[in-house]
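The following exercises concern side-chain pairing in a protein model. Each task is followed by a worked solution.

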Amino acid sequence: MASLDFIADSHPTAPDSVRGITSGPPSSEAGGILTVDLAALVSNWRALGHRAMPSECAGVIKANGYGCGIEPVATALARAGCKTFFVADLSEARRVREVAAEAAIYVLNGLIPGTPQVYAELRARPVIGSMVELAEWDAFVASTQWRGGAALHVDTGMNRLGISANEAAALAPRIRSENHGITLLMSHFACAEDTAHPLNDRQISLFREVRMLFRGIPSSLANSSGIFLSDNAHCDVVRPGVALYGVNPTPGKPNPMRPVIELKARVAQLRTVAKGDTVGYSAGWTARRAARIAVVSVGYADGYPRASGSSDETPGGWVTVGGKRCPLAGRVSMDLMAIDVTDAPELRRGDFVTLIGGDLDLDAVATAAGTIAYELLTALGHRYHRVYRTE
Ligand SMILES: *Cc1c(COP(=O)(O)O)cnc(C)c1O
């Protein structure tokens, strides 16, 4: 896959790596190995598109492609036929433009004052979220005749970005007659993963009313969970993010997505501790038996949640060794953490333990840390040897 060569610092595929493109330090030196299965990502995108048919399936790849790498993710999706991307800011739009020359790129955080010209240069489209942004964009469009497009974000209950439904209603006649180059009408769910939440139906019906006023302009409402909420949420374009990367968009039900990432940490050292010894900072974890401890070279500076640490009072997170669950022993340090591997006697120095993968999926790790898979993904560190699996 020669055109994935843009990945900086690419190293020849190490013997222990699967087929694919790599980045970061060589696997022989790295403390952690992150595998991103681009084939699974593409398969998830297709499955979501199938579910939302006949709507177009876009790809949300903000926050460096949810931590997975914005260039490889955009390249893989564009090749599979994805035509529309959503990013958070202009620097992300620039990175996507480098690898997806023809794609429509919407910038969710809206228009920073003075930036319309940059949008034109990148052929990116702002998601306009307030009347002042619209006024600035209108002035630019009028003076330059720029026809590159923009989305109009209408707030239907999230109260974050977007003009109000009343503002949209007042604007509608003007938008229809003058055509300000609005190519997408957009809104965003506040509680799509909670299927029973009454706000979902309120947002769907309010957005339906707004869409009637902007007939002819394509519309978009659903994020990952929104796709599974109701066909009424599909509109013309769906905007999945987290489900592309393997996170369950239907909490409480089986995960319909394929796992995309796997994370392994290297054993830097094995040591034995006597019953009653404590491990790590604050001496908060005490061995209840003579224990074998693996110190692995991944810590919170690599995005592994510090809140996963354990103590005598709280169980904390766990890793797996050959499918066996092994609990964290004590606090997560910046660059290291300790695991109680007494029940995995086969483990040797230099081996790897699984931090994310198999039954220990993103949702399980996030829950053990009291956070959500979104945060875990977007925090994925920069010291890992990364393998991008393409088949
Ligand atoms: C992040 C985001 C999405 C994608 O949401 P997921 O829950 O990750 O699918 C869609 N739309 C907007 C406006 C977003 O900010």
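**Exercise 1.** Determine whether Glu346 is buried, partly exposed or exposed in this predicted model, and identify the salt bridge that joins Glu346 to Lys324.

*Solution.* 
1. The relative accessibility of Glu346 is 40%. Buried requires under 20% and exposed over 50%, so Glu346 counts as partly exposed.
2. The side chains of Glu346 and Lys324 form a salt bridge with an N to O distance of 3.4 Å. A salt bridge requires such a distance to be within 4 Å.
3. Lys324 belongs to strand 17 (residues 324–327), whereas Glu346 lies in the loop between strand 18 (337–340) and strand 19 (352–356); the two are 22 residues apart.
4. Lys324, at 35% relative accessibility, is likewise partly exposed.

**Exercise 2.** Describe the salt bridges that Arg383 forms with Asp302 and with Asp335.

*Solution.* 
1. With Asp302, the N to O distance is 2.8 Å. Asp302 lies in the loop between strand 15 and strand 16 (318–321) and Arg383 in the loop between helix 11 and strand 20 (385–389), so this pair ties together parts 81 residues apart in sequence.
2. Asp302 is buried, at 2% relative accessibility, while Arg383 is partly exposed at 41%.
3. With Asp335, the N to O distance is 3.0 Å. Asp335 is in the loop between strand 17 and strand 18, so here the bridge ties together parts 48 residues apart in sequence.
4. Asp335 has a relative accessible area of 32% and is therefore partly exposed.

**Exercise 3.** Classify the aromatic pair Tyr66–Tyr374 and state which parts of the chain the pair connects.

*Solution.* 
1. The structure contains five aromatic pairs. In the pair of Tyr66 and Tyr374, the ring centres are 6.3 Å apart and the planes make an angle of 40°.
2. Planes under 30 degrees apart would be stacked and over 60 edge-to-face, so the pair is tilted.
3. Tyr66 is in helix 2 (residues 62–66) and Tyr374 in helix 11 (residues 373–378), so parts 308 residues apart in sequence are tied together.
4. Tyr66 is buried at 6% relative accessibility, and Tyr374 is partly exposed at 33%.
5. Together with Tyr245, Tyr66 and Tyr374 form one aromatic cluster.

**Exercise 4.** Identify the ring over which the charged end of Arg325 sits.

*Solution.* The ring is that of Trp318, and the charged end of Arg325 is 3.6 Å from its centre.

Technical notes. Residues numbered from 1 in each chain as written. Predicted model: local features only at pLDDT ≥ 70, side-chain atom pairs only at ≥ 80, totals over all residues. Heavy atoms only, no water. Phe/Tyr/Trp six-rings, centres within 6.5 Å; stacked < 30°, edge-to-face > 60°. Helix = DSSP H or I, 4+ residues; strand = E, 2+ residues; numbered from the N terminus. Buried < 20%, exposed > 50% of the residue type's maximum accessible area, 1.4 Å probe, protein only. Lys NZ or Arg CZ within 6 Å of the ring centre and 35° of its normal.
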